[in-house]
Structure formats: structure tokens, C-alpha cells
Amino acid sequence: MKTKDNIATRLKKDLIMSGQYGREPQRTVSNYSQLDPDKGVTRPTGTEANKKVRDFCVQRMLDANLEVKIDMIGNIYGRKEGSKINDGIVMCGSHLDSVLNGGQFDGALGVFSSIEAIRRLTEEHFENERPIEVVIFTGEEGSAFGSTLLGSAVLAGKIRIDDALMQKNTNGQTLKNALEAIGYLGNFKKQLDSVDCFIETHIEQGPVLYNEGISIGIVENIVGIAWVTVTVTGQSNHAGTTPMKMRKDALLAAAEIVTAVNRNANEILKTRGSGLVGTVGKLVVYPNGVNIVPGKVELGIDIRDVLEENMLIMIERTRTFMKELESRYGVAVDIKISPTHAPAHLSMDVMQIIEDSTRRCGLSFKRMNSGAGHDAQNMATKVKTGMIFIPSVDGISHSPLEWTTWDDIENGTAVLTQTIRTLSKLDRK
Ligand SMILES: [Zn+2]
């Protein structure tokens with residue numbers, strides 16, 4: 001019989017070992033003080049580091065006696081058979097790719113805690129009546145191949161497999177070739193109708209749990225995300241010889257857009273509530289010279305809420321405002337709205353089971369929304385889905401300083417294990 005300490009060390013080791021892949025130079029980090037603020041984890045889909053972390057994880061799955069399969073978009077599944085039925089799968093997992101210069105827990109936590117949960121259940125001779133599968137989704141972060149949540153989007157039927165495989169990275173390589181090159185272009189055809197529910201455990205990536213000293217977040221909704229790309233075209237000209245009246249200053253119009261996005265978001269928040277946020281996080285000025293009237297500006301606007309209606313109102317109000325700038329500043333405003341992720345509402349039943357599990361573990365919890373996108377939002381369109389959040393130190397993520405304490409990781413894994421225990425029984429009691 002293994003002690004609790006023992007098994008917690010085993011998961012810790014998996015996370016430390018997997019966290020070395022994508023660090024330059026390759027090295028392990030086991031506590032916060034070892035983090036390098038300039039050098040995080042970089043393992044976009046299809047890179048050598050991505051291959052190494054996949055290989056490491058597949059070996060852990062095989063060691064746990066899971067049957068491993070790879071599908072046509074490179075998603076990896078590790079399966080433990082059910083004792084009573086073959087379908088109605090309890091699926092759990094997350095992703096192993098990372099942003100450029102990110103942390104070792106974003107995604108990896110959800111994968112390795114799921115493997116650990118199965119190891120614990122196996123060791124205690126627990127009889128899972130339904131099959132349990134750990135999934136690793138391809139390309140969650142979109143750090144190599146444009147769109148985010150790619151593997152789950154294909155699995156949920158949101159994107160066609162052929163279209164996804166033809167997407168290119170910045171080197172011009174297709175996803176198909178990249179997966180082939182690292183040995184993860186599979187031929188397994190996964191059908192979601194054999195899956196009953198999905199659980200994703202993830203770091204919160206925000207400050208709420210950490211600041212409030214709460215162990216577990218039970219996610220109710222995942223925000224929808226809309227990206228609006230705007231190009232303002234005016235006329236570049238000499239800053240000394242062009243009279244103020246005769247200018248077509250693209251940056252001046254863009255500056256109005258920046259403040260309008262903030263104003264509109266605050267107004268909608270005040271009048272309609274919910275959690276709307278609007279940000280201009282990208283501004284590229286051409287030609288960007290101190291003595292030149294700016295001729296062109298590109299802006300990137302990020303809009304999020306758990307209520308789609310609020311997002312649509314925000315987009316429409318901002319679009320109308322931007323179009324009015326054309327006559328006022330003598331500029332052209334081109335607006336592109338990229339395909340959005342709709343807000344996802346997670347399963348009430350699964351939330352309740354996570355809550356009951358958290359109580360059984362004697363841990364504090366709160367219900368909350370996720371301001372970041374996750375594969376769970378695609379899965380939620382097809383199967384009952386739940387998410388377990390654990391605290392991020394200082395709320396930091398997508399940064400080399402991303403960290404989560406080992407105690408919080410153990411707590412999250414205990415809740416996940418109990419949740420899977422309940423979900424994998426036919427009567428769910
Ligand atoms: Zn993630």
C-alpha cells in the first residue's frame with residue numbers, strides 16, 4: 001500500500017520531468033525560486049520539444065497500463081477499460097503544447113493529474129464500470145498553427161479535419177507534415193458519441209483563487225472570445241510641412257478606437273452586467289517614424305464575455321463608432337471579425353459531482369467563470385463537461401513566472417480522482 005506522500009511525489013515527478021521540455025537550456029524546475037523570469041517553457045505543436053513531451057507522456061500512459069491511440073489530428077488517448085460497458089466513456093485531460101515562453105503547468109497539469117488519478121484508482125482496485133480515457137489535445141494554444149483549440153475543435157466537429165491539417169505554421173509547414181515529422185499523425189477515428197462526459201483540470205490563470213485563499217474553482221461558464229482586426233488607412237506625410245488641417249492621420253483615428261473600446265466595454269458592463277471585457281492589445285503604426293504623419297495603423301481588439309449577446313452588442317457599437325471616424329479623419333477603416341469561440345455553459349450535473357467531491361476531500365471551493373479559453377468549451381458542445389480550477393500564484397500565467405504550489409496540485413488531483421470515481425460508476429452515486 002502506498003502512502004499519500006508517495007503518490008503525491010510521483011505526480012510531482014511527472015510534472016517536473018515534463019516541464020524540462022521546451023526550456024532552453026533543458027533543465028528541471030521544482031520550486032518557484034528556480035524559475036528564470038526570462039526563460040519559460042516553449043513547445044508549440046510540431047516542435048522537437050513538443051515531440052519530447054508527448055513521448056514522455058505516452059510512456060507514462062503505457063506504464064499505467066493504458067491503451068494508447070493517436071487520432072488523425074494528433075490527439076492522444078490513453079484508455080482504461082470499463083468493467084461493465086465499453087462506451088459512455090469518462091474522458092479527462094488537457095493539452096501539452098505551450099505558448100512561447102510559458103509555464104510548465106498550463107495544460108500539463110490536466111494531463112498528468114488525469115494519469116495520476118487512474119494510477120490511484122487502479123492501485124486501490126477500484127472497479128470503474130465505464131471506461132476512463134485520458135486525452136491530450138493537439139494545438140490548444142495556437143502558438144504554431146494560427147487557430148487555438150484545434151484538436152478539440154476537430155474532435156467536436158467544429159472544424160473539418162482536412163482544413164485543420166492544411167493550416168500552416170510560420171515556416172510554411174502544414175500541420176499534417178509537422179505531425180508526421182514528430183511521429184504523431186495517427187489514423188484512429190475517435191467518435192464523440194462513445195464519450196459521456198469530459199473533465200478538464202487546469203490552473204486558474206487568474207488571481208481569484210490565490211487571492212481569496214480558496215483551493216478549488218468549479219467552472220460554470222467559459223467566456224466566448226471575439227477578435228476584431230482593424231486597419232486604419234490614412235496618408236503618410238511630412239510632419240513638418242503638412243498643415244494640421246490637411247492631414248489624414250491614421251494614428252489619431254486609431255487613438256479614438258482605443259478609448260472607444262474601453263468606454264463601450266465599461267458602459268455595457270454598467271448597463272447589462274455580466275463580465276464583459278474589451279481590450280486593444282495590439283497596435284502597429286506605419287511607417288512608425290517620429291517625423292512622419294502615420295499613414296496606416298493596425299489594431300487588434302479582444303472581446304470576451306459569458307453572454308454572447310453582450311459580445312455582439314459590443315462589436316456592433318464599436319463597429320458603428322469606427323465607421324464614423326472615416327469622414328471625421330479622412331481615413332478608411334477596414335474591419336475584420338475573426339471566427340469567434342462562443343461562450344460555453346458547463347454541465348450542472350458534472351458541477352454538482354465536482355462540488356460533492358470537493359466537500360468529501362474537505363477543501364474550500366467557489367463557483368466561477370473562466371476568462372481564458374479551454375478545450376473544454378469545444379467538448380461542452382457535444383458532451384457533459386466540467387472544469388476544476390486550482391490557484392495560480394499571483395494569478396500569473398502565459399509567463400515564465402507561472403507557478404502553482406504542490407499542495408494545490410495535490411488538492412486538485414484528489415478532487416479529480418474522486419470526481420472520476422463517481423462519474424465512472426453507472427449509477428453515479
Ligand atoms: Zn491551457
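Because the model is predicted, local features need pLDDT of at least 70 and side-chain atom pairs count only at pLDDT 80 or more, while totals for chains, interfaces and linings use all residues. Residues are numbered from 1 along each chain as its sequence is written, and side-chain values use heavy atoms, with hydrogens and water left out.

I begin with the metal. His95 (NE2), Asp106 (OD) and His202 (NE2) coordinate the zinc ion at 2.0 to 2.2 Å; donors are N, O and S atoms within 2.8 Å of the metal (3.2 Å for Na, K and Ca), and sites may look incomplete since water is not among the atoms. Along the chain, the donors are spaced as H-x10-D-x95-H. Histidine 95 belongs to strand E3 (residues 89-95) and histidine 202 to strand E5 (residues 195-203), so the pair ties together parts 107 residues apart in sequence. Strands here are DSSP runs of at least two residues, numbered from the N terminus. Histidine 95 and histidine 202 are both buried, that is, under 20% relative accessible area with a 1.4 Å probe, protein chains only.

I turn now to the sheet. Its 4 strands lie in the order E9-E11-E7-E12, forming an open sheet with antiparallel pairing; two strands pair if DSSP finds at least two bridges between them. E9 and strand E12 (332-337) stand at the edges with a single partner strand each, so one side of each has no neighbour in the sheet. Between E7 and E12 there are 6 bridges, and valine 228 stands opposite isoleucine 337 in E12.

Definitions and conventions. Buried means under 20% relative accessible area, exposed over 50%, partly exposed in between (1.4 Å probe, protein chains only).
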